[in-house]
Amino acid sequence: QVQLAESGGGLVQAGGSLRLSCAASGNIFSVPTMGWYRQAPGKQRELVASLTASGSRNDADSVKGRFTVSRDKNAVYLQMNSLKPEDTAVYYCHAIVRAGPWTPAYTYWGQGTQVTVSS
């Protein structure tokens, strides 16, 4: 089993910054992909940014130039700058994990952390 522990959400004024952190622990051989999704009230969960172990990034158009995803082994971070009220959502850490070299990869989710941007 794998656990994802998130931290760093909160309330910030528009134009401000926040940094989210997520650490994966448990039965881990490799983590091919880690990243962040978000879900605003009444909307579907959407990709914010992800980063593979080889360094390939996938960022949502709405956050390009403002948010930066980074990794350190089995941890992933999201630096959010120039925050806007429309960035308000619950942010979920996401990881694709292998427990062994020949085992299938499974997807895991964090519990979510609230980010609120006031205007």
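## Basis of the description

The model is predicted, with local features needing pLDDT of at least 70 and side-chain atom pairs counting only at pLDDT 80 or more, while totals for chains, interfaces and linings use all residues. Residues are numbered from 1 along each chain as its sequence is written, and side-chain values use heavy atoms, with hydrogens and water left out.

## Overall build

The protein has zero helices and eleven strands, where helices (H or I, at least four residues) and strands (E, at least two) are DSSP runs numbered from the N terminus. Its C-alpha atoms fill a box of roughly 50 × 25 × 25 Å along the principal axes. The radius of gyration, taken over C-alpha atoms, is 14 Å, which agrees with the value near 14 Å for a compact globule of 119 residues, by a rule of 2.2 Å times the number of residues to the power 0.38.

Of the 119 residues, 39% count as buried, a term that means under 20% relative accessible area, with exposed being over 50% and partly exposed in between (1.4 Å probe, protein chains only). Among contacts (heavy atoms within 4.5 Å) between residues at least 6 apart in sequence, 56% join residues at least 24 apart.

## The largest nonpolar core

A nonpolar core is a set of buried Ala, Val, Leu, Ile, Met, Phe, Trp, Tyr and Cys residues joined through side-chain atoms within 4.5 Å. The largest one holds 30 residues, of which Trp-36, Leu-78, Met-80 and Tyr-91 touch the most other members. Elements that give two or more residues to this core include β1 (2–7), β4 (30–39), β8 (75–80) and β9 (89–98), and the largest share, five residues, comes from β9.

Leaving aside neighbours within four places in sequence, Met-80 is in contact with Tyr-91, Leu-18, Leu-20, Phe-67 and Val-115, and also with Gly-16, Ser-17 and Arg-66.

## Two loop residues

Arg-66 sits in the loop between β6 (57–59) and β7 and counts as buried because its relative accessibility is 10%. Apart from neighbours within four places in sequence, its contacts include Met-80, Asn-81, Lys-84 and Asp-87.

Thr-88 lies in the loop between β8 and β9 and, at 22% relative accessibility, counts as partly exposed. Not counting residues up to four places away in sequence, Thr-88 touches Ala-40 as well as Gln-114, Val-115, Thr-116 and Val-117. Thr-88 and Leu-4 are 84 residues apart in sequence, and their C-alpha atoms are 21 Å apart in space.
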